[in-house]
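The briefing below goes with the sequence and coordinates of a single chain.

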Amino acid sequence: MNVLSCGHPGPASATRRCPHLGFPDSPRHCLVFTGVASEFDLLCEPCADGPAAELRTICPRCVAATHQPIHVERLVGTPQPIHRDSPLGGTWCTRPCAVVLWGDECLAPLPDGWLALTAEGLVALPDDGDPEPLTGPIQLPAEKHKALRMREPRPALSTSADGERTAVVTDYGSHGVVLATRTGEVIRWLDIGDYNSEQVPFPFTFLPGYFVAASAWNRLDLYDAATGDRLPLDDEDPDYFHGRLTASPSGRWLVDDGWVWHPAGVPAVIDLSAWLGGDARAPRDLPVLTDRGYVWDTPMAWISDDLLALQKPGPDEGETIDGVELFDPVTQESRGLFAGPNGPMWAVENLLYVTAAGGFEVWDPADGARIAFVPGFRPTAADPRTGRFAELRDGALRVWTR
């Protein structure tokens, strides 16, 4: 059997490394794109900046061990996106709709249609039927003025899977509220405080029967979705600024796109099954996927419970690419990257769906290729459970179902 230079039997990966990078521990190194799709080699800085030593072929296991994002010093070169577009298929529905959203993040799925947040309140948009106003205006406390605010506060809407609960929060702000969708009854007021709250979308997500929300910059709590009651939790809080929360398909994991001082974006994984099982330490342990320097608040999506897609791979601000890096939530290892995706992103049945600047894209992470593109369609809401995507603009509701 062929034995590679790393000492393991083949097959070889497409990634090579210079002889100055050891296994399993390596110094900080450069990720050097070869110019062939998103293939890259791993080189120490002297080899990246000058004539490289003879590169060694290594196995996929060694690539995973050597290429840990926290050890990447910088990126060299540019990856090339792969496009092999085919017709999108699926079904389309476009109908007039005079409802005006309060903001770009103010459309969310319901089991029988969509829910819109307007300046006048919540409006149901059933698949069959006219818009149905549900509540009056949703009034959240005013946000404090901050002279150095980098992002303006904006309203954001989310719904529970059964449509019975709705959350209205202020992204890059401090406040939110959880409501009964049909009656507008307040289930829980939310307040994260104003310490650096302008740096992240409001940390919130629905789970079956529960919701998770931040109650301080460094504290997450678990609540009963029916009553709003907070479940008991360990009072020791980490030095971690919680960010956007995204649950895996089965509810096994929760990824937290937060940051820590200096500052550095450090998305972390929470074991939801352990937390719901009574482990009060689960939201405090926070295994970190990667250290991205001054980069956080980027789109991410769970392809499966075993694979997370995270946009803007790279070691620091100005050193990222338009693309996706894949991570294993258990080992926190990188499973490779590919160029292209850039924009709001969802995953349905092992494919990634992206609202890009020019339209709607479908990417296959198995080989990192774009497999479909629809110009002009730019959905802002999706229901991964049913494969529906929607945009509401210019007086029309347009929905595509895969």
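What percentage of the 402 residues in the chain do buried residues make up? Buried residues account for 53% of the 402 residues, in a model that is predicted. The chain holds four helices and 33 strands, and its radius of gyration of 22 Å is close to the 21 Å that the globule rule gives for 402 residues, so the chain is as compact as a globular protein of that length.

**Overall dimensions and contacts**

- Taken along the principal axes, the C-alpha atoms of the chain fill a box of roughly 70 × 50 × 45 Å.
- Of the contacts between residues at least 6 apart in sequence, 50% join residues that are at least 24 apart.

**Nonpolar cores**

- The largest nonpolar core has 30 residues, and those with the most contacts inside it are V178, L190, F204, F211, V212, L220 and W275.
- At least two residues of this core come from each of β13 (165–171), β15 (186–191), β16 (204–207), β17 (210–216), β18 (219–224), β22 (268–271) and α3 (272–276), with β17 giving the largest share, four residues.
- Leaving aside residues up to four places away in sequence, W275 touches V212, L220, D221, L222, L233, I270, A282 and P283.
- Apart from this core lies another, of 26 residues, which includes V99, A108, L122 and V399.

**A four-stranded sheet**

- Four strands form an open sheet in the order β7-β33-β32-β31, and their pairing is antiparallel.
- The edge strands, each of which pairs on one side only, are β7 (91–96) and β31 (381–383).
- On average, and with direction ignored, neighbouring strands of this sheet are turned by 15° against each other.
- Strand β31 pairs with β32 (residues 388–393) in the antiparallel sense over three bridges, and D383 stands opposite R388 in β32.

**Cysteines**

- The count of disulfides comes to zero, where a pair of cysteine sulfur atoms would have to lie within 2.5 Å.
- C30 is in no disulfide, and the nearest cysteine sulfur, that of C44, is 7.9 Å away; with 0% relative accessibility, C30 counts as buried.
- The closest cysteine sulfur to that of C47 is in C44, at 3.7 Å, which is too far for a bond, and C47, at 6% relative accessibility, also counts as buried.

Technical notes: Residues numbered from 1 in each chain as written. Predicted model: local features only at pLDDT ≥ 70, side-chain atom pairs only at ≥ 80, totals over all residues. Heavy atoms only, no water. Core = buried A, V, L, I, M, F, W, Y, C linked by side-chain atoms within 4.5 Å. Buried < 20%, exposed > 50% of the residue type's maximum accessible area, 1.4 Å probe, protein only. Contact = heavy atoms within 4.5 Å. Pairing = 2+ DSSP bridges. Axes fitted to C-alpha atoms, helices over the stretch in contact; angles between N-to-C directions. Rg over C-alpha atoms; globule rule 2.2 N^0.38 Å.
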